Amino acid sequence: MSKVDEAGQILRALEVPKRQQAPLCCRVLLALANLTEDQSWREAKSSWMRIHDMIAFINENYETDYAENSRETLRKQAIHHFRNAAFIIDN
């Protein structure tokens, strides 16, 4: 099972709304945990990360091509909801 699928399982277990279980949100969760495909969940790290850094991490590690103008999409579809659910906090 891929890390994106595993992240989806975690989001489902946390009972987040269906829209926040999308692959984009799963990849954001993985970026926030600083996890690549070959790492264990035990290696997850919590560190402050800008949306630009998330896009770069996801593109580098999960074979995507999100453009810099995708920042607002990440913010609206994942970050905002993760913050409201208290999964993340703002600096």
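# Salt bridges, buried faces and a pocket

Author: Glu72 and Arg75 are joined by a salt bridge whose closest N and O atoms are 2.5 Å apart. The model is predicted, so local features need pLDDT of at least 70 and side-chain atom pairs pLDDT 80 or more, while totals for chains, interfaces and linings use all residues. Residues are numbered from 1 along each chain as its sequence is written, and side-chain values use heavy atoms, without hydrogens or water.

Reader: By what rule is a salt bridge assigned, and how many salt bridges does the count come to?

Author: The rule asks for a side-chain nitrogen of Lys or Arg within 4 Å of a carboxyl oxygen of Asp or Glu. The count is four salt bridges. Among them is the contact of Arg71 with Glu68, at 3.0 Å from N to O. Another links Glu6 to Lys3, with the closest N and O atoms 3.3 Å apart.

Reader: How far apart are Glu72 and Arg75 along helix α4?

Author: In general, an α-helix has 3.6 residues a turn, so residues three or four places apart point the same way. Glu72 and Arg75 are three residues apart in helix α4 and therefore separated by about one helical turn. Helices here are DSSP runs (H or I, at least four residues; strands are E, at least two), numbered from the N terminus. Glu6 and Lys3 are likewise three residues apart, in helix α1, and so about one helical turn separates them. Glu72 also lies 8.9 Å from Ile51, C-alpha to C-alpha, although the two are 21 residues apart in sequence.

Reader: Is Lys3 buried or exposed?

Author: Buried means under 20% relative accessible area, exposed over 50%, and partly exposed in between (1.4 Å probe, protein chains only). Lys3 is buried, at 6%. By contrast, Glu72 is partly exposed at 37%, as are Arg75 at 35%, Arg71 at 36% and Glu68 at 34%.

Reader: Which residues of α1 are buried, and where on α1 do they lie?

Author: The buried residues of α1 are Lys3, Val4, Ala7, Gly8 and Leu11. They lie on the same side of α1, because they cover an arc of only 145° around the axis, the arc being taken over directions from the helix axis to the C-beta atoms. Their cover includes α2 and α4, where a contact means heavy atoms within 4.5 Å.

Reader: Which residue just after α1 takes a positive phi?

Author: Glu15 does, at about 60°, although it is not a glycine. Glu15 sits in the loop between α1 and α2 and is exposed, with a relative accessible area of 72%. Ala86 belongs to the segment after α4 and is exposed at 62%.

Reader: What volume does the largest pocket have, and which residues are the closest to its centre?

Author: On a 1 Å grid over the protein atoms alone, a pocket is an open set of points where a 1.4 Å probe fits, with protein on both sides within 12 Å along at least five of seven lines; lining residues have an atom within 4 Å of a point. The largest pocket has a volume of about 550 Å³. Of its 24 lining residues, Leu32, Ser47, Met54, Ile88 and Ile89 are the closest to the centre. Helices α1 (3–13), α2 (23–32), α3 (51–61) and α4 (71–84) each supply at least two lining residues, and α4 gives the largest share, four residues.

Technical notes
Grid points are joined across faces, edges and corners, and a volume is the space filled by probe spheres set on the points.
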